[in-house]
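Please walk through this protein model one element at a time.

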Amino acid sequence: MEIVYLDGQKVNIVEPICSAIGFFDGLHIGHMALVNEVKRVSEQKGYKKALMTFDHYPLYVLGKIKEEKYLTSMNDRISLLEKEGIDYLFIVKFTKDLAALSPEDFINQYLIDLHVKHIVCGFDFRFGKYNAGNTMTLQACQQFNVSVIPEVLYKGEKISSTRIRHVLEQGNIEEMNELLGRKYCVSGEVIKGRRIGHAIGFPTANVDYQSYFLPCHGVYIVKVYVHGQGYMGMCNIGYNPTFTALDKPSLEVNILDFDGDIYHQYMIVEFYCLIRKEKPFASKEELIAQLYEDKQKVREYFKPQDKCPMV
């Protein structure tokens, strides 16, 4: 897959393209409906398959939210789209100048100039200054055809990144994974922590989660991948309130049946379910006893006869 960064410049692509357009944070099953339409149209018409997204949340660039929190990093999205056989990923640099473009100027600069012959978008897609552009604006353009994908429902409600964030805030990982169509993952470099877990017999890998939108604070059953090898684990997200509380939440994983130095290594944490919410314990001994119980629950979850045959 070729990654093309767009900042209003001309791009030398002459092949006809079918492209979906949107932010695609999460690449949930609603987004995948657009991806599948791109694949269908491209196969039918002999077009190259593409997605167009933006490098930052528009609301963040426009100053309407204070920080960006993603369900999927750009690297996650790149990896997932490569598996889907997408030919081009267009990453548009979102700026205030871009937000001020009229819908017509956006179409001319970012669609027609790219030789896009077919656009795929969601029913509620908006673009251009004051969000004045919509699906009808695209359909009125004679230079390309348009597929408008209706809302995708789960349990009678629209699947959206906003809904997924609400589910994640509740720690409902099973529903989260249903909405994504895959396991929710957080990845990052293993960094040094306070080594409290090591001191109490439960050493942890502290993951630099950067701008990921994290589940609610608590202990989770996870599987981690290091150097392509998978291991069972229990993951704690929170402030470690039993000891001196941290300034920001940490994401730490006690990896079962593993003893190795993985500092500065890249780790993928794959979430399965919430064991319990975070809480302070009266003593170190009480915490250790609870951790042994948590560890047993992880082992029971991954028994071959249970729901996950992967381990």
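Start with helix α7. The buried residues of α7 are Ser161, Arg163, Ile164, Arg165, Val167 and Leu168; buried means under 20% relative accessible area, exposed over 50%, and partly exposed in between, with a 1.4 Å probe and protein chains only. Helices (H or I, at least four residues) and strands (E, at least two) are DSSP runs, numbered from the N terminus. An α-helix has 3.6 residues a turn, so residues three or four places apart point the same way. The cover over the buried residues of α7 includes α1 (29–45), β7 (153–154), β8 (157–158) and α8.

Two notes on the model belong here. This is a predicted model, in which local features need pLDDT of at least 70 and side-chain atom pairs count only at pLDDT 80 or more, while totals for chains, interfaces and linings use all residues. Residues are numbered from 1 along each chain as its sequence is written, and side-chain values use heavy atoms, with hydrogens and water left out.

Glutamate 169 belongs to α7, which spans residues 161–169. Setting aside neighbours within four places in sequence, glutamate 169 is in contact with Phe213 and Cys216; contact means heavy atoms within 4.5 Å. Proline 215 is 46 residues from glutamate 169 along the chain, yet their C-alpha atoms are separated by 5.2 Å. Just after α7, glycine 171 takes a positive phi of about 75°.

Now turn to the open sheet. What is the order of its six strands? The order is β1-β4-β3-β2-β5-β6, and the pairing is parallel. Two strands pair if DSSP finds at least two bridges between them. β1 (2–6) and β6 stand at the edges with a single partner strand each, so one side of each has no neighbour in the sheet. Direction ignored, neighbouring strands of this sheet are turned by 20° against each other on average. Axes are lines fitted to C-alpha atoms, for helices over the stretch in contact, and angles run from 0 to 180 degrees between N-to-C directions.

Within this sheet, β2 (residues 17–21) and β5 (residues 116–122) pair in the parallel sense over four bridges. Alanine 20 has valine 120 as its bridge partner in β5. Helix α5 (residues 103–110) packs on the sheet and touches β1, β2, β3 (48–54) and β4 (88–92). The direction of α5 makes about 135° with that of β3.

Valine 146 counts as buried because its relative accessible area is 19%. Not counting residues up to four places away in sequence, valine 146 touches His118, Ile119, Cys121, Leu138 and Gln139. Alanine 20 is 126 residues from valine 146 in sequence and 9.6 Å away in space, C-alpha to C-alpha.

Next comes the barrel. Six strands close into it in the order β9-β10-β13-β12-β11-β14, with antiparallel pairing. From one strand to the next, the twist averages 45°. β9 (residues 185–191) pairs with β14 in the antiparallel sense over five bridges. There, glutamate 189 has tyrosine 266 as its bridge partner in β14. β9 also pairs with β10 (residues 205–207), antiparallel, over two bridges. Isoleucine 191 stands opposite asparagine 206 in β10.

β11 (residues 218–226) and β12 (residues 229–238) run antiparallel and are joined by nine bridges. Glycine 218 stands opposite isoleucine 237 in β12. Helix α8 (residues 173–180) lies across β11 and β14 (266–277), running at about 135° to β14. α8 is also part of the cover over the buried residues of α7.

Finally, step back to the whole protein. It has 10 helices and 14 strands. Its C-alpha atoms fill a box of roughly 70 × 45 × 40 Å, taken along the principal axes. Of the 311 residues, 49% count as buried. Among contacts in the protein with a separation of 6 or more, residues 24 or more positions apart account for 72%.
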